[in-house]
Amino acid sequence: MAENTFPEDLRAAQLRLHQATAELAGLVRSLPWSVEPHEGWPGAEHPHTGRTAGGRPSSPGWSEREKVAVDRLRAECLALSEAVATHPYWAEVAREDVVAARTELKAATRPAAVPAPDVTPAA
C-alpha cells in the first residue's frame, strides 16, 4: 500500500494517544491492586507441590491524587480516541482502505519510549 499523507493534527492526536495510553498503563501498574483499601486474602496451597498460589496482599488503596491522575489520563485517552476516529480525513479514504490506513497511522506515530508519569505511588 502506498504511504498515506496524514494531516498533521491527526498525526499529533494519534501520537499523543499512544503516549497517554502508555502513561496510563504505567501509572496503573505502579499503583496498589485495589482502588479502595482492602485486607487481601490468603492463597491456596497446592496439594501436590505445597506451593501457595493465588491470594492478594493487603492494599492501602489509591490516594486522591492517584485517582485524579488515572481519571485525567482515562478522559484524555477517550477524547483522543474520539478525535482520531472521527477526524474528517477518514472520509477521504476509500472504505476498503480505512483499516490499512488506520494501521499505517498507528505504526507511523508509535513512539519508541514514553516517560513515566509524574505521580508518586502509594507506600
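**View 1. The buried residues of helix α1.** Helix α1 buries Leu-10, Ala-13, Gln-14, Leu-17, His-18, Ala-20, Glu-23, Leu-24 and Leu-27. Buried means under 20% relative accessible area, exposed over 50%, and partly exposed in between (1.4 Å probe, protein chains only). The cover over these residues includes α2 (64-85) and α3 (98-109). Helices (H or I, at least four residues) and strands (E, at least two) are DSSP runs, numbered from the N terminus. Helix α1 covers residues 8-30, 23 residues in total. At 1.5 Å a residue it should span 33 Å, and its end C-alpha atoms are 33 Å apart, which agrees. The expected span is 1.5 Å times one less than the number of residues.

This is a predicted model, in which local features need pLDDT of at least 70 and side-chain atom pairs count only at pLDDT 80 or more, while totals for chains, interfaces and linings use all residues. Residues are numbered from 1 along each chain as its sequence is written, and side-chain values use heavy atoms, with hydrogens and water left out.

**View 2. His-18 on helix α1.** His-18 is found in helix α1. It counts as buried because its relative accessibility is 15%. Setting aside neighbours within four places in sequence, His-18 is in contact with Lys-106, Thr-109, Arg-110 and Pro-111. Contact means heavy atoms within 4.5 Å.

**View 3. Ala-20 on helix α1.** Ala-20 also has its place in helix α1. Ala-20 is buried, at 0% relative accessible area. Neighbours within four places aside, Ala-20 is in contact with Leu-73, Glu-76, Cys-77 and Leu-80. The C-alpha atoms of Ala-20 and Leu-78 are separated by 9.9 Å, though the two residues are 58 apart along the chain.

**View 4. The two sides of helix α2.** Glu-66, Lys-67, Ala-69, Val-70, Leu-73, Cys-77, Leu-80 and Val-84 are buried in α2. Down the helix axis, these buried residues fall within an arc of 165°, so they line one face of α2. The arc is that of the directions from the helix axis to the C-beta atoms. The buried residues pack against α1 and α3. On the face turned away sit the exposed residues Glu-64, Val-68, Asp-71 and Leu-78. The 22 residues of α2 should span 32 Å at 1.5 Å a residue; the end C-alpha atoms are 31 Å apart, which agrees.

**View 5. The largest nonpolar core.** This core has 20 residues. Phe-6, Leu-10, Leu-27, Val-70, Tyr-89, Trp-90 and Leu-105 touch the most other members. Helices α1, α2 and α3 are the elements that give two or more residues to it. A nonpolar core is a set of buried Ala, Val, Leu, Ile, Met, Phe, Trp, Tyr and Cys residues joined through side-chain atoms within 4.5 Å. Phe-6, leaving aside neighbours within four places, is in contact with Arg-11, Tyr-89, Trp-90, Ala-101, Glu-104 and Leu-105.

**View 6. The chain as a setting for the close-ups.** The chain holds three helices and two strands. From the N terminus on, they run α-β-β-α-α. Buried residues make up 28% of the 123 residues. The average pLDDT is 91, and 89% of the residues score at least 70. pLDDT is the predictor's confidence in each residue, from 0 to 100. Among the elements, α2 has the highest mean pLDDT (98) and strand β2 (residues 52-53) the lowest (90).
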